[in-house]
Amino acid sequence: MIVTLTLNPSLDRAIEVETLERGAVIRAASAHLDPGGKGVNVSRALLGSGIGSTAVVPCGGDEGEQLVRLLRAEGVDVHAVPIAGRTRSNITIVEPDGTVTKINEPGAPLDPPELDALAGAVLAAAGPGGWVVCCGSLPPGVPVDVYAGLHQRFTAAGIRVAVDSSGPPLVSAVAAGPALVKPNREELAEAAERPIESLGDAVDAAKELRSWGAATVLASLGADGAILVDGDGVTFGEAEVVLRRSSVGAGDALLAGFLASKKEGPAALAEALAWGAAAVGLPGSRMPTADDIHREIVQLHPVPDLTRSLAPAAGANPGPSSS
């Protein structure tokens with residue numbers, strides 16, 4: 001069983017425009033409203049391929065109720081924990097070349113009883129040997145070591161923990177020794193406190209996270225693919241995407257594919273890349289279904305060229321990176 005925990009979920013409105021121009025009145029080509037948040041997206045991606053999971057989310061205000069309605073309408077098994085604050089709303093603006101501009105609200109604070117209720121919901125849904133995926137940014141006021149504390153509580157119940165976060169919360173969680181962490185390129189650079197400009201830089205940073213405590217590091221590198229660093233070594237893979245529509249949520253789909261594979265090593269990385277690439281070809285934060293996933297486009301490189309330069313960190317051609 002896979003349970004996702006999203007401490008700062010959102011309503012995500014994705015708007016496609018011809019050109020983003022400051023100060024102008026812009027007519028949208030299309031718009032989509034989707035339930036958002038890293039863990040929410042992982043559950044949605046799993047459901048798209050017929051794999052069950054439970055999404056645990058805090059829910060507050062009209063926005064929270066709408067979030068839950070949207071998830072249930074999609075068929076997601078959601079456990080909503082009531083909170084005093086209001087669930088946030090985010091806006092994503094997507095241009096034809098794939099450039100994404102995001103405006104994210106900070107989210108609602110969570111007090112200790114609310115955090116305890118969320119942890120209890122995870123423990124009620126997950127069983128020994130299953131996965132809990134702790135995902136996303138933290139709401140205001142939540143301590144940076146929250147994922148580390150949750151890791152201790154979940155592993156004591158025999159549950160494997162994956163973490164997809166950034167900054168101090170990620171670093172703190174890594175020190176707790178999770179089974180899996182999934183940073184993107186920017187999050188790797190922030191954790192390692194140095195730029196990631198080549199494949200070798202990414203591998204070195206991922207190895208550093210392992211030395212701090214993470215058992216396996218799955219790092220998404222946008223249009224350059226992804227790397228897997230575990231006890232058996234390093235594998236690099238990439239997937240060719242002809243039409244890139246949005247990178248929002250692609251890293252979440254990549255993580256979902258990795259977990260869905262029920263495999264380890266290169267086979268799991270290949271499945272992850274296929275799912276992430278599928279998400280890039282969809283508008284907004286739509287998650288892929290089984291029909292969207294094309295495994296034949298994935299290429300694995302068990303002995304990667306570590307001197308290979310990566311695309312500029314802030315470019316107009318983003319790939320399957322995290323949202």
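User: In this predicted model, where is the place of Thr6, and why is Thr6 called buried?

Analyst: In this predicted model, the place of Thr6 is in strand S1, which covers residues 2–6. A residue is called buried when its relative accessible area is under 20%, and because the value for Thr6 is 1%, Thr6 is buried.

User: What is Thr6 in contact with, leaving aside its neighbours within four places in sequence?

Analyst: Thr6 is in contact with Gly37, Lys38, Gly39, Val40, Val56, Val57, Pro58 and Cys135, once its neighbours within four places in sequence are left aside. Each of these counts as a contact because heavy atoms lie within 4.5 Å.

User: Why is strand S13 described as largely enclosed by the rest of the structure?

Analyst: Strand S13 runs over residues 233–239, and six of its seven residues are buried, so the strand is largely enclosed by the rest of the structure.

User: How do you know that S13 pairs with S12 and with S14?

Analyst: Two strands are said to pair if there are at least two bridges between them. Strand S12, residues 226–230, and S13 are joined in the antiparallel sense over five bridges, and S13 and strand S14, residues 298–301, are joined in the antiparallel sense over four bridges. Among the opposite positions, Ala226 faces Gly237 in S13, Leu228 faces Thr235 in S13, and Glu238 faces Gln299 in S14. The link from S12 to S13 is a hairpin through two residues.

User: Where is Leu221, and how do you know whether Leu221 is buried or exposed?

Analyst: Leu221 is in the loop between strand S11, residues 217–220, and S12. Its relative accessible area is 3%, and because buried means under 20%, Leu221 is buried. Not counting residues up to four places away in sequence, Leu221 touches Arg185, Leu199, Ala202, Ala226, Ile227 and Leu310. Leu221 and Leu188 are 33 residues apart in sequence, while their C-alpha atoms are 9.6 Å apart in space.

User: Which residues have the most contacts inside the largest nonpolar core?

Analyst: The largest nonpolar core has 48 residues, and those with the most contacts inside it are Leu5, Leu7, Tyr147, Phe154 and Ile227. Helix H7, residues 199–212, gives the most to this core, with six residues. Leaving aside neighbours within four places in sequence, Ile227 is in contact with residues including Leu199, Ala202, Val203, Ala206, Thr235 and Phe236. A second, separate core of 35 residues includes Leu46, Leu255, Ala272 and Ala279.

User: Why are Glu193 and Lys262 called exposed?

Analyst: Exposed means a relative accessible area over 50%. Glu193 has 73%, so Glu193 is exposed, and Lys262 has 78%, so Lys262 is exposed as well. Glu193 lies in the loop between helix H6, residues 185–192, and H7, and its phi is near 60°, a positive value in a residue other than glycine. Lys262 is found in the loop between H8 and helix H9, residues 265–280, and has a positive phi of about 55° although it is not a glycine.

User: How do you know that Pro96 is exposed?

Analyst: The relative accessible area of Pro96 is 52%, and because exposed means over 50%, Pro96 counts as exposed. Pro96 is found in the loop between strand S6, residues 88–94, and strand S7, residues 100–104. Leaving aside neighbours within four places in sequence, Pro96 is in contact with Val17, Glu18 and Arg244. Pro96 and Arg244 are 148 residues apart in sequence and 8.7 Å apart in space, C-alpha to C-alpha.

Technical notes: Residues numbered from 1 in each chain as written. Predicted model: local features only at pLDDT ≥ 70, side-chain atom pairs only at ≥ 80, totals over all residues. Heavy atoms only, no water. Buried < 20%, exposed > 50% of the residue type's maximum accessible area, 1.4 Å probe, protein only. Core = buried A, V, L, I, M, F, W, Y, C linked by side-chain atoms within 4.5 Å.
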